[in-house]
Amino acid sequence: MAALTISRSNADALVGLAEASVAVARLATRQGDQAAAAAHINAAVGYYGRALQQPHLLGDASERADVRYNAACAAALAGQHATAQQLLTSLAAAGSISAADVATDADLAGFREQQWFMDLVRGLHAQCM
């Protein structure tokens, strides 16, 4: 939170807070504290969302894609499936993710049996050919 005392709208600080929140959520999950994990992963989604409101401040196209992908993973972990789907779909349309990335990412495991996700992976495979 100290990073936000300098500037609450600093995109890099927001991304840093999101990444730290995801790390703390993972630690809380390993320790069996699901309430803390949920609070931290939801905070991460919020930080990513605020940072993504300022995409021009997030670096080049590759860096912006990385932030959007990490935001999608955080949203998936937070149970915000529509947000995760929208982010992943836009990344796929831009050619910013690969089938291998999404098919093996543990954060996205909850989507593997969903039709939209299978279609996404199939479409990404087709782009590679």
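User: Before we start, what should I know about the numbering and the model?

Analyst: Residues are numbered from 1 along each chain as its sequence is written, and side-chain values use heavy atoms, with hydrogens and water left out. The model is predicted: local features need pLDDT of at least 70, side-chain atom pairs count only at pLDDT 80 or more, and totals for chains, interfaces and linings use all residues.

User: Thanks! How many salt bridges does a search of the whole structure find?

Analyst: The general idea comes first: side chains of opposite charge can pair when their charged atoms come close. A salt bridge here is a side-chain nitrogen of Lys or Arg within 4 Å of a carboxyl oxygen of Asp or Glu. The search finds 2 of them. In one, Asp107 and Arg26 meet with N to O at 2.9 Å. Asp107 sits in the loop between α6 (99-104) and α7, while Arg26 is in helix α2, so the pair ties together parts that are 81 residues apart in sequence. Helices are DSSP runs (H or I, at least four residues), numbered from the N terminus.

User: And which residue forms a salt bridge with Arg122?

Analyst: That is Asp119, with the closest N and O atoms 2.7 Å apart. Both residues lie in helix α7, 3 residues apart, about one turn of the helix.

User: Is Asp107 buried or exposed?

Analyst: Buried means under 20% relative accessible area, exposed over 50%, and partly exposed in between (1.4 Å probe, protein chains only). Asp107 counts as buried because its relative accessibility is 15%.

User: Good. Which residues is Ser21 in contact with, leaving aside its neighbours within four places in sequence?

Analyst: Contact means heavy atoms within 4.5 Å. With those neighbours set aside, Ser21 touches His40, Ala43, Ala44 and Tyr47. Ser21 is found in helix α2 (residues 11-30), and its 9% relative accessibility makes it buried.

User: One more: how far apart in space are His125 and Ser98?

Analyst: Their separation is 7.7 Å, C-alpha to C-alpha, although they are 27 residues apart in sequence. His125 belongs to helix α7 (residues 115-128) and is partly exposed, at 44% relative accessibility.

Definitions and conventions. Helices (H or I, at least four residues) and strands (E, at least two) are DSSP runs, numbered from the N terminus.
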